Structure formats: C-alpha cells, structure tokens
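Let's take a walk through a protein together, starting with the whole and ending with a few rings. Keep the picture beside you as you read.

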Amino acid sequence: MTEVTPDMPDATITELEAEIAELTARLNKARRAAAGREVPDYAFRTLAGEAHLSELFAGHDRLLAIHNMGQGCRYCTLWADGINGFLPHLESAMAVVLLSKDDPETQRRFANARGWRFRLASHTGGAYIREQTVMSGEDNVPGAVVYEKKDGALVRKNAVVFGPGDLFCSAWNLLALAGHGVDDWTPQFSYWRRPDTLDDGGDNLLE
C-alpha cells in the first residue's frame, strides 16, 4: 500500500486514487454477490397511516432505506441533502425511503424546509431500528440498508454506516481536495450570518 507523506508528489496521489478505485471495485463485487438474510415485514408510521416494509418497495424489487437520526442531527441532514439531489436517478433503479425516529408530521415539516423529495416513514425508535441497525449494538445510527424481495421473502442484502469522510456524501471528498479534514469542518443547518446592520431594521428576526 502506498505510504502517505506530507510532501507526496501528484503521481503518488494518483497511485492512491487508483488503489482506492481497485478496492472499491472489489467491494462492490462482494456486495453484488452477498446473499443477505431474511427479515420480518416491519410496520412503520406514515402520514397516510401504517405501512409495512413490503409496501415501501413501491413496485420495485429493491429498496434503499436511508437511516436518518432525525431533525436534530446536522450530519444526517448533510447526507440527506446530498442524496436528495440524486433521488430521481436512484428511483429509476430501486425504491428509496428515508426512515427516522421522528413522528410523520415532524418528518414532513423538516423535509419540506430542506426541499427533500423523499418518501418518509417513521420507525419511532422501535423494533425496526433495534434489529436492523447498521452498527451492531447501537441503534439510531446513520447509514443505509438495501432490501430485496426474493422468492416471496424480504431480504436484507447490504448495509453501511454513514460517517464523516465516507464515500456516501460527496461533500467530504470535495472538501478534502481543498485540504479540509473531518476534524476542522462541521456541517450546519444553515450558513446565513446576521449582518451588523439589517437594511429592513431587523425587527422580529428569528435567528
């Protein structure tokens, strides 16, 4: 494996990128071959009433379930903001749903504020997130799970944990190009800063 040094030339960076591309191809080959395991038909809450996991497939044979910690997590919001931009492309290949512990009304209110187009469902912090967590021993961890309908069964095929610097949020890689690391940049819900003087007088401002 290529050694990383502070003064490495561009050629060495290119070598590292090639190594990552090769490992990623091997990883994706293993993901494709994964047999998965059968899971229950969990129930969720939505604005339209109760919905089961099997119903979230929306006519597809694969479902991407995004595990979002809820409206209180800036990092989860960053991931969802990014995935939202790819949503039409993703939905051409599989169903997509964003799951969180928040109640359906809170989910929709927050999604509208962010301009998210996801279908939403609440696991309410119950059996689903405890048993389908993406990190063993921890519930309400951000990540994603892909489920399949296979021979009449629901199968958990692959899962991944989301975390700062990962490959599932392109912002981190673009920031890294500029030398920003995960320890010196934190996502925010909004980047607006109040000017010293507001031209409209500043009355009744909600910050």
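Of the 207 residues in this protein, 37% count as buried, where buried means under 20% relative accessible area, exposed over 50% and partly exposed in between, using a 1.4 Å probe and the protein chains only. Before going further, please note that this is a predicted model, in which local features need pLDDT of at least 70 and side-chain atom pairs count only at pLDDT 80 or more, while totals for chains, interfaces and linings use all residues. Residues are numbered from 1 along each chain as its sequence is written, and side-chain values use heavy atoms, with hydrogens and water left out.

Now find the helices and strands: the protein has five helices and eight strands. These are DSSP runs numbered from the N terminus (helices are H or I with at least four residues, strands are E with at least two). Read from the N terminus on, the elements run α-β-β-β-β-α-β-α-β-α-β-β-α. Along its principal axes, the C-alpha trace spans about 60 × 55 × 35 Å.

Next, look inside. In soluble globular proteins, nonpolar side chains tend to be buried together. A nonpolar core is a set of buried Ala, Val, Leu, Ile, Met, Phe, Trp, Tyr and Cys residues joined through side-chain atoms within 4.5 Å. The largest one here has 22 residues, and those with the most contacts inside it are Leu-64, Ile-66, Trp-116, Phe-118 and Phe-162. Several elements each supply at least two residues of this core, among them strand E4 (62-67), helix H2 (74-91) and helix H5 (170-177). H2 gives the most, with five residues. A second, separate core of 20 residues includes Tyr-42, Leu-56, Ala-65 and Val-134.

Finally, turn to the aromatic rings. Rings of Phe, Tyr and Trp (its six-membered ring) pair if their centres lie within 6.5 Å; planes under 30 degrees apart count as stacked, over 60 as edge-to-face and the rest as tilted. By this rule there are 12 aromatic pairs. In one of them, Trp-116 and Phe-118 sit edge-to-face, 5.9 Å centre to centre with 75 degrees between the planes. Trp-116 counts as buried because its relative accessibility is 7%, and Phe-118 is buried too, at 2%.

The rings of Trp-172 and Trp-185 have centres 5.3 Å apart and planes at 85 degrees, so this pair is edge-to-face. Trp-172 lies in helix H5 and Trp-185 in the segment after H5, 13 residues apart. Trp-172 is buried at 4% relative accessibility, whereas Trp-185 is partly exposed at 22%.
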